[in-house]
Amino acid sequence: MNRLLYMLRETFTSLRRNVAMVASVILVTFISLTFVGAAALMQTQVDQMTDDFYDRLEVSVFLCTENSTQSACPTGAISADQREALEVSLEEGAASQYVASFRHESQEEALESFLESRGESARTASLEAADMPESFRMLLHEPEEYPIVTELFSSAPGVETVADQQEVLDQIFAILNGLTIVALIIAAVMIVCAVLLVSTTIRLSAFSRRRETGIMRLVGASKSMIRLPFVFEGVIAAVIGSLLACAATWVVAEFLLGQWLSQQVPGIQFIDASSSWIIMPGLVLIGVLLAVLSSWLTVRRYLRV
């Protein structure tokens with residue numbers, strides 16, 4: 001117990017002597033781990049959005065109309081028999097095993113939905129129901145099976161084209177994943193800076209206390225007794241920085257994602273502060289491990305005991 005109290009006393013004495021360097025370590029650790037936390041939050045958000053959107057992923061089978069091109073609809077507008085055949089396929093035919101539910105959208109309903117999404121304007125005022133295609137909208141049991149459903153209907157008589165939201169969603173998720181990678185790259189650079197700063201701080205501290213460590217060697221102090229105060233110094237600075245990063249991660253999750261973005265984009269379910277609590281232990285662990293490794297390697301190399 002006395003040894004531990006002595007090492008802690010030496011650690012805090014050294015921290016007071018190197019306030020500027022310790023503050024730099026805290027700041028760089030805080031910034032780097034904040035980027036790590038932001039990247040983790042972003043990936044959690046992407047995973048949640050993926051599950052949410054894929055559950056609502058629609059496959060749309062657009063039917064031929066009088067305005068369809070000859071190449072897409074060589075037989076002209078869809079007939080009643082062709083429409084009935086598609087419904088039978090969806091209800092009890094080849095497609096039924098993949099389709100969880102479906103609905104028919106008439107040309108009038110398609111026009112109404114289009115006007116609701118785009119709003120009234122000079123460009124949309126001239127549109128008529130005949131200009132819009134009717135369609136079957138399907139939700140699948142397994143969204144990943146959309147290529148099979150697309151193949152089943154793309155060549156069916158009376159079908160002009162088959163479309164799904166997968167391509168758009170993949171583009172969105174690719175952008176979000178790219179931002180996650182950028183955040184991780186920045187975090188990695190900042191973590192390297194933090195490790196170098198910890199090493200520099202320990203070296204300066206060891207140099208300033210070389211007389212004390214020499215006396216300790218003469219009186220028979222063990223290697224761990226001499227080295228541990230320097231390691232504690234790096235760990236304390238890293239823990240403070242990681243705790244600040246945890247606080248920043250919580251603020252981002254609670255206020256930016258959970259409140260502000262949820263209000264701005266009501267159609268998307270955003271994560272909240274509960275997700276940050278899962279990430280926080282990892283941030284502290286990363287900070288402590290980096291500090292322990294960099295401090296211990298530095299004292300082994302530069303502190304001769």
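Glu134 is buried, at a relative accessible area of 10%, where buried stands for under 20% relative accessible area, exposed for over 50%, and partly exposed for what lies in between (1.4 Å probe, protein chains only). The model is predicted, so to speak of local features takes a pLDDT of at least 70 and side-chain atom pairs count only at pLDDT 80 or more, while totals for chains, interfaces and linings use all residues. Residues are numbered from 1 along each chain as its sequence is written, and side-chain values use heavy atoms, with hydrogens and water left out.

Glu134 forms a salt bridge with Arg83, and their closest N and O atoms lie 2.8 Å apart; the term covers a side-chain nitrogen of Lys or Arg within 4 Å of a carboxyl oxygen of Asp or Glu. This pair links distant parts of the chain, 51 residues apart: Glu134 sits in the loop between helix 5 (122-125) and strand 3 (135-140), and Arg83 belongs to helix 3 (residues 80-91). Helices (H or I, at least four residues) and strands (E, at least two) are DSSP runs, numbered from the N terminus.

Glu105 takes part in a salt bridge with Arg103, with 3.8 Å between the closest N and O atoms. Here Glu105 is buried at 5% relative accessible area, whereas Arg103, at 40%, is partly exposed. Arg137 also forms a salt bridge with Glu105, and the closest N and O atoms of this pair are 2.9 Å apart. Again distant parts of the chain are linked, with Arg137 in strand 3 and Glu105 in strand 2 (residues 99-105), 32 residues apart. Both Arg137 and Glu105 are buried. Together with Glu58, the residues Arg103, Glu105 and Arg137 are linked in a network of salt bridges.

Turning to the overall fold, the protein has 10 helices and 4 strands. Along the sequence they follow the pattern α-α-β-α-β-α-α-β-α-β-α-α-α-α. Of the 305 residues in the protein, 38% are buried. Among contacts (heavy atoms within 4.5 Å) with a separation of 6 or more, 83% are between residues 24 or more positions apart. The exposed surface comes to about 17100 Å², of which carbon and sulfur atoms supply 62%; accessible areas come from the Shrake-Rupley method with a 1.4 Å probe, and for residues only the protein chains shown count as cover.

The largest nonpolar core holds 17 residues, and those with the most contacts inside it are Val61, Leu86, Met138 and Phe153. Such a core is a set of buried Ala, Val, Leu, Ile, Met, Phe, Trp, Tyr and Cys residues joined through side-chain atoms within 4.5 Å. Two or more residues come from each of strand 1 (58-63), helix 3, strand 3, helix 6 (146-154) and strand 4 (159-164). Leaving aside residues up to four places away in sequence, Val61 touches Glu134, Ser135, Phe136, Met138, Phe153, Val159, Thr161 and Val162.

Finally, the cysteines. The count of disulfides, pairs of cysteine sulfur atoms within 2.5 Å, comes to 1. This disulfide joins Cys64 to Cys73, with an S to S distance of 2.0 Å, and the link is left-handed, at -85° about the S-S bond. Cys64 is buried at 3% relative accessible area, and Cys73 is buried at 3%. Elsewhere, Cys193 is partly exposed at 33% relative accessibility, and Cys246 is buried at 5%.
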